[in-house]
Each structure stands twice: as structure tokens, then as C-alpha cells.
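Subject: Structure handover

Hello,

Here is the structure for your files. Notes on what turned up in it follow below.

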Amino acid sequence: MIAVLQRVKHASVTIDGALHSKIDNGLLVLLGVCDGDDKSDADKLVKKIPVLRIFEDDNGKMNLSCADIGGEILLVSQFTLCADCSHGRRPSFTKSAPPSQADELYEYTARMLKSTEVKDVKTGVFGADMKVELLNDGPVTIILDSKDLK
């Protein structure tokens, strides 16, 4: 699984012109489920995301986590993170998990994040055409690949 974490002042998801989810200070997490991923991949990300120290302390050092600041998480599925762009000009998405498997792991990840010490976890809608807005703070953007985590 691939997760792109963006430290945000606020973020929202709009579907069909209606606001679906909104968070204030916290993390926008774009989640790509790749073929072959399973719950152990999600567990690795869930263990890391809430406690990754990427928020500034009183001295301006990135020393606090989303949990430390009472931040929220907006989790949005994004299969395009698993794209293969190694050949030609058109990305291949054959490395993305099949929709049923990806949806199951996305929902599992959301449930597990909700059981952590973060203030709240909101989601998008798997497979929907979502409009995501954010105010990136920093900007700070971190990419996590579950295959690289212990």
C-alpha cells in the first residue's frame, strides 16, 4: 500500500457538488491499494501514520504527531498511486488491486485509524469521483510504502 500524507490546515471532499467530509488541522492521506496488498500492509501504515512526527512544536521543529496535536485525518482512496509509468506516456494501472479487494482494505484502514489516538478520521467514498481541496501546511508531504515499513 502506498500512502501520501499531506500536513494540512484543512481539507475536504466534495462529491456531486455536495460536501461529503471535512477536517481541520491534521493529515490528508491519499491511499493506494496495490495488487497483493493485505491487512498486514494496512496495519503497518496505521501503526505509523498517527504517530509520525511531522507537526511543529513550540520551537518550530517537526517533533509532534497528528495524535499529539489532536489532529484529524481525512483518508481518500486513490488507485492511481499504484500506477506504472515505466513505459510509454500512458500510465498502466495493472498494479492496482482489484476494486473489491482495494475497497475492503481501504475500509479496514479507515476502521483501524479510527481506533488510534487521533481526534477523528473522515473518509471519501471509494470509487467515487471526488473533488479534494486542501490547504497544505508547510508544505509537508510524506510518502509511505507499506513494503518499506517494519
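**Pocket, core and hairpin**

The largest pocket holds about 310 Å³ of space. A pocket here is an open set of points on a 1 Å grid over the protein atoms alone, where a 1.4 Å probe fits, with protein on both sides within 12 Å along at least five of seven lines; lining residues have an atom within 4 Å of a point. The volume is the space filled by probe spheres set on the points.

This is a predicted model: local features need pLDDT of at least 70, side-chain atom pairs need 80 or more, and totals for chains, interfaces and linings use all residues. Residues are numbered from 1 along each chain as its sequence is written, and side-chain values use heavy atoms, without hydrogens or water.

The lining of the largest pocket has 20 residues, with Ser-77, Gln-78, Phe-79, Phe-126 and Gly-127 nearest the centre. By type, the lining residues are 13 nonpolar, six polar (Gly counts here) and one charged (Asp, Glu, Lys or Arg).

Strands E1 and E2 (DSSP runs of at least two residues) form a hairpin with two residues between them. Asp-16 in the turn has a positive phi of about 50°.

Regards

How values were computed: Pairing = 2+ DSSP bridges. Helix = DSSP H or I, 4+ residues; strand = E, 2+ residues; numbered from the N terminus.
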